[in-house]
Amino acid sequence: YLKISKLALAFAIIHSKPPEKSSREYTEYLAKAVSKQDFGWKWKVEVLEAEVLRLRQELLLNRISPRFCMENRKQDTSAETLLDRESINPTSYSSQLEDSGCDVCNGSAFDSLGIASDFHRSEHVNTSKLWLERVPPLNLCHTSKEESLTAPVQFFQRLLEIRKLSEGGVLQADFSELENDSFTICNSVSQLLDGLTVFYNSPKFPAPSFLTEGICVLISLITDTKLSNHVLKKCFKKMAEFKKNLIQIILRNRSVNRFQALHSVSQTLGLLGRNNIVRNSLISLLLSEVRQFAEQLLQVQSMYDITQYENIFLLCMILEQLLQNETQESNISSSDYGAEEKLKFLKNLDQIILHLSDEFPLFSLYLWRVSVLLNSGQMQ
C-alpha cells in the first residue's frame with residue numbers, strides 16, 4: 001500500500017507540474033511549500049501552548065490567593081495600554097517596575113550583564129505598600145527567545161509578591177496548592193532557565209532589563225524557604241541541566257572578548273550556591289570538571305588547549321568560593337553529599353600537583369587551595 005501510494009503521488013506530481021519546470025524542480029518546490037505550512041502549524045501550536053500555560057499560571061495564583069488576583073484585576077484598569085506599550089517597546093518593561101516583587105533594584109545595582117553586585121541589600125526591600133499598584137498583566141507571546149523570559153518572570157514575580165505579603169500578614173495565601181500543580185511550576189521554571197541559557201550562549205551588550213529580573217527571580221525562588229522546596233523538588237533535573245549548561249558555556253567559550261560574559265555566568269553560578277542543595281550539587285559538578293581537566297593536562301602537557309586552560313580558572317574560583325561558604329556555615333550538615341566526587345578529586349592529587357607545578361604553577365596552586373578546603377575539619 002505504501003509503495004502504491006508513493007507511486008500514485010509521483011504520477012500526480014508529474015502530471016500536474018508546470019511545463020517550465022522539471023519533475024525534480026517541481027517536487028522540491030512542493031516540499032518547500034509543505035515545510036512552510038508545517039512551520040506555520042508548529043508556530044501556532046507554540047502560541048496555543050504558551051496561552052495554556054499562561055492561563056494555568058493565572059489559575060494557580062488565583063487558587064493560592066484569590067484576594068491578590070481580585071484586587072489586581074480591579075486596579076489593572078489600563079491593562080490594554082500596558083500590553084500595547086509592551087508590544088511596542090518590550091525592553092522598557094523594567095522602567096514600569098521600580099519594585100517588581102522579586103527584589104529587582106535599579107540598574108546601578110547590577111553590573112554590565114545584569115548580575116546583582118550587591119544582591120543581598122535588595123532582599124530587605126519592603127514592598128507591601130505597593131502590592132495593589134503594579135503587577136502588569138501577563139503577556140502572552142513574544143517575538144524572540146530572549147523576550148520569552150518575560151512570561152515566566154512575571155508569573156514568579158507575582159508568586160514571590162504573594163509570598164512576601166502573606167509573610168507580612170497583609171493577605172492570606174495557601175501555598176499547598178503548589179503541590180497540586182507540578183505541570184505549571186515545572187514548565188514555568190523550564191521556560192525561565194531556557195531563556196537564561198539562550199542569553200548566556202549569545203550575550204548582548206548592554207544586557208536587557210528582563211535578564212536582570214530573570215536572574216533575581218531565579219535566585220529569590222531557590223533561596224525562599226517556603227518556595228525553594230517546591231521548585232527544587234519538582235525541577236531538580238532541569239536545575240541540574242541548567243548548571244551543567246552554564247559550566248560548559250564557561251569551558252567552551254572561545255571568543256576573544258569573552259571574559260566579561262564569562263564573569264557574568266560565574267557570578268550567576270555563585271548566586272545559585274546560596275541554596276544549600278544547589279550548592280552541594282554544584283560543588284560536585286565543579287570538582288568533576290576540574291579533576292578531569294587536571295588529569296588531561298597531566299597526560300598532554302605539551303598539547304593543552306590554552307583557551308580552556310584560561311577558562312578553567314573561573315571554575316576554580318567559583319569552586320573555592322562555594323567551598324569557603326560551605327566551611328563558614330558549620331551548622332549545615334552536607335558532608336555526605338558528593339562524597340564520592342570528593343574522594344575522586346583528592347585521590348592522587350598530591351602527585352598531580354607535583355607533576356604540574358613546574359609547568360602550570362598557578363593551576364597547581366588552585367588545586368592545592370581547593371584540596372585544603374576539602375580537607376578542612378569543617379568540611380568533614
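In these legends, a residue is called buried under 20% relative accessible area, exposed over 50%, and partly exposed in between; the model shown is predicted.

View 1. E167 is exposed because its relative accessible area is 59%, whereas R163, with a value of 8%, is buried.

**View 2. E320 and R369 meet in a salt bridge of 2.6 Å, N to O**. This pair links distant parts of the chain, with E320 in helix α12 and R369 in helix α15, 49 residues apart. E320 is buried at 9% relative accessible area, while R369 is partly exposed at 31%.

**View 3. D181 and R63 form a salt bridge of 3.6 Å, N to O**. D181 lies in the loop between α5 and α6, and R63 belongs to helix α2, 118 residues away. D181 counts as buried at 5% relative accessibility, and R63 as partly exposed at 29%.

**View 4. Helix α15 comprises residues 361-375**. From first C-alpha to last, its 15 residues reach 21 Å, close to the 21 Å expected. Among its buried residues are F363, Y366 and L367, and the cover over the buried residues of α15 includes α11, α12, α13 and α14.

Note on methods:
Residues numbered from 1 in each chain as written. Predicted model: local features only at pLDDT ≥ 70, side-chain atom pairs only at ≥ 80, totals over all residues. Heavy atoms only, no water. Helix = DSSP H or I, 4+ residues; strand = E, 2+ residues; numbered from the N terminus. Expected span 1.5 Å × (residues − 1). Buried < 20%, exposed > 50% of the residue type's maximum accessible area, 1.4 Å probe, protein only. Contact = heavy atoms within 4.5 Å. Salt bridge = Lys/Arg side-chain N within 4 Å of Asp/Glu carboxyl O.
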